[in-house]
Amino acid sequence: MISADRRKGRAALGNPANRFDRLASVAVDDGWNREEDLPPLRTEVSEERPRKVITRNTSPDISFDRSINPYRGCEHGCIYCFARPTHAYLGLSPGLDFETRLIARPDAPEVLAAELAAKRYRPRTIAIGTNTDPYQPIEKDYGLMRRILMVLRDFRHPVGIVTKGTLIERDIDILSELAADNLVRVGISVTTLDRDLARRMEPRVPSPERRLRAIERLAAAGVQVRVMASPMIPGLTDPELEKILEAGRDAGAVAASWIMLRLPHEVSPMFRDWLAETYPDRLNRVMDKVREAHGGKDYDPEWGRRMRGQGGYAELIDQRFRLAVRRLGLATDLPPLDTTQFRIPPRKGDQLELF
């Protein structure tokens with residue numbers, strides 16, 4: 001573990017070993033450089049020049065087959081984030097490295113434009129924010145998401161966005177333009193309405209009430225918004241399910257969804273350590289419920305079960321969700337976005353059509 005003073009404003013307690021490394025390093029106090037004398041952890045950003053930015057998937061559990069991630073790692077630092085293990089592919093730790101050692105892809109908008117202009121490309125909705133948040137704090141400096149939206153607007157390409165970041169309000173001008181032509185939909189994740197719990201669990205995410213305000217502003221601009229009660233954390237946030245959905249509806253959301261807590265690979269021991277330090281009295285109850293929902297394990301990766309769980313507890317959550325959305329008038333499925341408007345915009349120097 002890294003001292004609380006050094007990791008202030010972070011969720012992970014340390015940097016667990018990379019599961020792909022044959023050897024692990026362990027910090028030892030030799031009396032010369034005491035940890036309390038070290039500076040607080042700062043966010044570091046490096047840059048990557050990708051050859052492609054559209055990632056394809058064939059998962060039967062999700063409704064999209066392609067996505068874009070402008071950033072690797074996420075400064076929001078949600079302790080439960082299922083994307084943390086992806087940092088291991090970079091030779092980094094899914095722990096504090098995931099929150100502090102970020103990678104930006106500044107050429108992503110130009111690479112995306114080239115991919116969309118390829119003769120073999122066929123449009124389907126592109127999902128953004130399904131791995132790391134495109135509106136995390138460094139987006140304020142890099143502006144990648146805004147430039148990506150401008151490319152998608154020029155190509156008349158549909159996009160679905162998932163975020164906890166209220167910086168999305170900056171792009172309401174583009175989003176409202178896309179929404180008018182049924183080319184965009186936004187999901188705002190509201191995990192809890194408890195400000196203190198949110199601060200501990202999602203240390204650099206805007207407060208719950210601030211996220212609800214973002215829903216309100218997007219809805220007022222004509223953008224369809226889904227309130228996402230995700231993840232539902234057994235014994236910690238599940239009592240709030242109905243209140244979260246109602247607050248989202250009142251803010252202007254037209255649809256809702258939920259996902260059970262997922263703890264793949266290194267996330268499970270990290271989450272248990274966080275519970276032990278932050279809510280020690282709830283540790284056993286929460287983890288017992290997690291295992292009940294995942295067939296006796298901390299996580300079950302099987303298709304059809306990993307997102308919703310299984311067994312009586314998971315079925316109860318799903319039943320509560322369905323009753324609540326029916327009472328509140330929220331949709332669970334929305335009509336697909338329009339792919340028929342897709343076009344390759346003229347480039348500078350192109351010969352324009354005369355007729």
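**Entry 1. Arg 156 and Asp 181**

I began with the salt bridge between Asp 181 and Arg 156, whose closest N and O atoms are 2.1 Å apart. I took a salt bridge to be a side-chain nitrogen of Lys or Arg within 4 Å of a carboxyl oxygen of Asp or Glu. The model is predicted: local features need pLDDT of at least 70, side-chain atom pairs count only at pLDDT 80 or more, and totals for chains, interfaces and linings use all residues. Residues are numbered from 1 along each chain as its sequence is written, and side-chain values use heavy atoms, with hydrogens and water left out.

The pair links distant parts of the chain, 25 residues apart: Asp 181 sits in the loop between α5 (172-180) and β8, and Arg 156 in the loop between α4 and β7. I noted helices (H or I, at least four residues) and strands (E, at least two) as DSSP runs, numbered from the N terminus. Arg 156 is buried at a relative accessible area of 11%, whereas Asp 181 is partly exposed at 29%. Here buried means under 20% relative accessible area, exposed over 50%, and partly exposed in between (1.4 Å probe, protein chains only).

I then listed the contacts of Arg 156 (heavy atoms within 4.5 Å). Leaving aside neighbours within four places in sequence, Arg 156 touches Glu 177, Asp 181, Leu 183, Gln 341, Phe 342 and Arg 343.

**Entry 2. Other salt bridges**

I recorded a count of 34 salt bridges. In one of them, the side chains of Arg 124 and Asp 65 meet at 3.4 Å, N to O. This pair too links distant parts of the chain, with Arg 124 in the loop between α2 (108-116) and β6 (126-128), and Asp 65 in the loop between β2 (54-56) and β3 (66-68), 59 residues apart. Arg 124 is partly exposed at 45% relative accessibility, while Asp 65 is buried at 19%.

I also looked up Arg 291 and Asp 298, whose closest N and O atoms are 2.9 Å apart in a salt bridge. Arg 291 is partly exposed at 28%; Asp 298 is buried at 16%. A network of salt bridges links Glu 139, Arg 146, Arg 170, Asp 171 and Asp 173.

**Entry 3. Strand β8**

I found that 6 of the 6 residues of β8 (184-189) are buried. Val 184, Val 186 and Ile 188 are buried on one side, and Arg 185, Gly 187 and Ser 189 on the other. Strands β7 and β8 run parallel and are joined by 5 bridges; two strands pair if DSSP finds at least two bridges between them. Thr 163 has Ile 188 of β8 as its bridge partner.

**Entry 4. An open sheet**

I traced an open sheet of 3 strands with mixed pairing, in the order β1-β5-β4. Strands β1 (44-47) and β4 (71-72) stand at the edges with a single partner strand each, so one side of each lacks a neighbour in the sheet. Strand β4 runs antiparallel to β5 (101-104), to which 2 bridges join it. Ala 104 in β5 is the bridge partner of Tyr 71.

**Entry 5. Nonpolar cores**

I took a nonpolar core as buried Ala, Val, Leu, Ile, Met, Phe, Trp, Tyr and Cys residues joined through side-chain atoms within 4.5 Å. The largest has 57 residues, and Leu 112, Leu 116, Ile 126, Leu 149, Ile 161, Leu 218 and Leu 245 touch the most other members. Helix α11 (311-328) gives the largest share of this core, 7 residues. Another core, of 29 residues, lies apart from it and includes Ile 2, Leu 197, Met 287 and Val 290.
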